[in-house]
Amino acid sequence: PRAHIELDRKAVVAPVRRRTFGSFVEHLGRCVYTGIYEPGHPSANEDGFRMDVVDLVRELGSTTVRYPGGNFVSGFRWEDSVGPREQRPVRRDLAWRSLESNQVGLDEFARWLKLTDSELMLAVNVATRGILPALDLLEYANHPSGTTLSDLRIANGTPEPHDVRMWCLGNEMDGPWQTGFMTADDYGKIAARTAAAMRMADKDLELVVCGSSGSGMPTFGDWERTVLEHTYEHVDYVSCHAYYQELDGDLGSFLASATDMDFFIDTVVATADHVGGKKRSKKRIDVSFDEWNVWYLKEHQEQEARETDLEWRHAPRKLEDVYTVADAVVVGNLLMTLLKRSDRVTSASLAQLVNVIAPIMTEPGGPAWRQTTFHPFSITSRLASGEVIRPVIEAPVYETARYGEASLVDAVATVDEDRAAVFLVNRDQRETAHVTIDVRGLGSSRVVEALTLADPDVYAKNTLAEQDRVTPAANASATLADGTVTVELPPVSWTAIALR
Ligand code: AHR
């Protein structure tokens, strides 16, 4: 196909939000244990954190990290995870049918965040606990000193408060798989009371109320409306969660997953604005897209249904999806959509960070490596700065079974004072896309870097045996002359072009 894109620095969507590049660490499988934490590993620091993983997290460029779940949160007693390690209880985690040793908790995790230069986004257990434990956790985490719980934190070795700004009021409360699953009405009421109480302690908190676990949920839309009718004046964000995978060999639909994410955002924003309008509120609720990724969920569910080994284990291998080139193209495209919607999506978390549906994999006692999906995330986080620019894209469309018509080429751009970046995908499965980009409106004069992720085998993967089978390569076709960038995008590919 041939495509033409117009970019103009006046067509600003919103600033690039650093929180768009958030990720997620859940006490699930090997995300924490033998993922970020493995005492005895050759690269472990004095806290037991793997520094090879820290280096990769820094290279990934993730910003905020959501913690400690996920479904795990609904069975979590935060008090178990602080204080002398040898006294911490071992509990059953019903969400993931595993044992939780609590050897990593809030204070250790906060130290790990410092190593990775990231911000903490903390979830409270609204489902099976209540208002008081949430207030206790807030006091332990954020109160400077002079109260029982803040002094306990200090006695536990953390003199300075963690000063957590972003708080999630539970997780996926619309999901019947959730311990403590509630109706929208019940959840809205308890979330409003919890939020109001937390704000009595600190009015500057940024609170995230649970939206739907996916746009396919039977209560989607009504859930957001009901929950926001209860919570509108008490919270700042409503969450969205979306996972995509190729189903029934339909690669065309899978490659168009970003169009579904766009629909999801549109619907949630419209619902939030509808509630705000009815309340005649001056306040605006933004979206925290705090779980998004490719996840082979169907295979996971089928395997769960077949599972006969019901042994309770510590850090079992779970959800260790190995990603392909096509998966990386979709992940890159989803991130482009989040950027395009930066006017209302002001926080997002790639789910998850290490081993569990993750861009980074580790082997116990062995290496850590980058999955295919690592690359578009890391490059976008590095290059996107300044403001997001809405592109005008002229490209042929193709028909998808799941989402109707989709453009064969998708793009978004960012522009800063002295630099710009364009991110592109070619969804065509057979043909190279020949793309021209009018950049006169950006004032750019040269290409400083052009990287493409593609492979003749769209199902190629990085594995323990072949850790760098798939890496981005310089795209030599990218040139800039007379205010126009010309670039060729191979079939099923993701590309970033940095301009000066
Ligand atoms: O990210 C994996 C799981 O997906 C999370 O625990 C849950 O919130 C979602 O269903």
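**Entry: the model as a whole**

I noted that the model is predicted. I looked up the secondary structure of the protein chain and found 11 helices and 27 strands. I then took the radius of gyration, which is 22 Å, close to the 23 Å that the globule rule gives for 500 residues, so the chain is as compact as a globular protein of that length. Along the principal axes, I found that the C-alpha atoms fill a box of roughly 65 × 60 × 45 Å.

**Entry: burial and contacts**

I looked up burial and found that 51% of the 500 residues are buried. I also looked up contacts between residues at least 6 apart in sequence, and 78% of these join residues at least 24 apart.

**Entry: helices H3 and H5**

I turned to helix H3, residues 131–142, and helix H5, residues 184–201. Their axes come within 10 Å and cross at roughly 30°. Angles under 35 degrees count as roughly parallel, and I therefore recorded H3 and H5 as roughly parallel to each other.

I listed the residues that make the contact. H3 contributes Ile-131, Ala-134, Leu-135 and Leu-138, while H5 contributes Arg-193, Thr-194, Ala-197, Met-198 and Ala-201. By class, I counted seven nonpolar residues, one polar and one charged in the contact of H3 with H5.

How values were computed:
Residues are numbered from 1 along each chain as its sequence is written. This is a predicted model: local features need pLDDT of at least 70, side-chain atom pairs count only at pLDDT 80 or more; totals for chains, interfaces and linings use all residues. Helices (H or I, at least four residues) and strands (E, at least two) are DSSP runs, numbered from the N terminus. The radius of gyration is taken over C-alpha atoms; the globule rule is 2.2 Å times the number of residues to the power 0.38. A residue is buried if 20 or more other C-beta atoms lie within 10 Å of its own, exposed if 12 or fewer, and partly exposed in between; C-beta atoms are placed from the backbone. Two residues are in contact if their C-beta atoms, placed from the backbone, lie within 7 Å. Axes are lines fitted to C-alpha atoms, for helices over the stretch in contact, and angles run from 0 to 180 degrees between N-to-C directions. Angles under 35 degrees count as roughly parallel, over 145 as roughly antiparallel, 65 to 115 as roughly perpendicular and the rest as oblique. Ala, Val, Leu, Ile, Met, Phe, Trp, Tyr, Cys and Pro count as nonpolar, Asp, Glu, Lys and Arg as charged, and the others, Gly among them, as polar.
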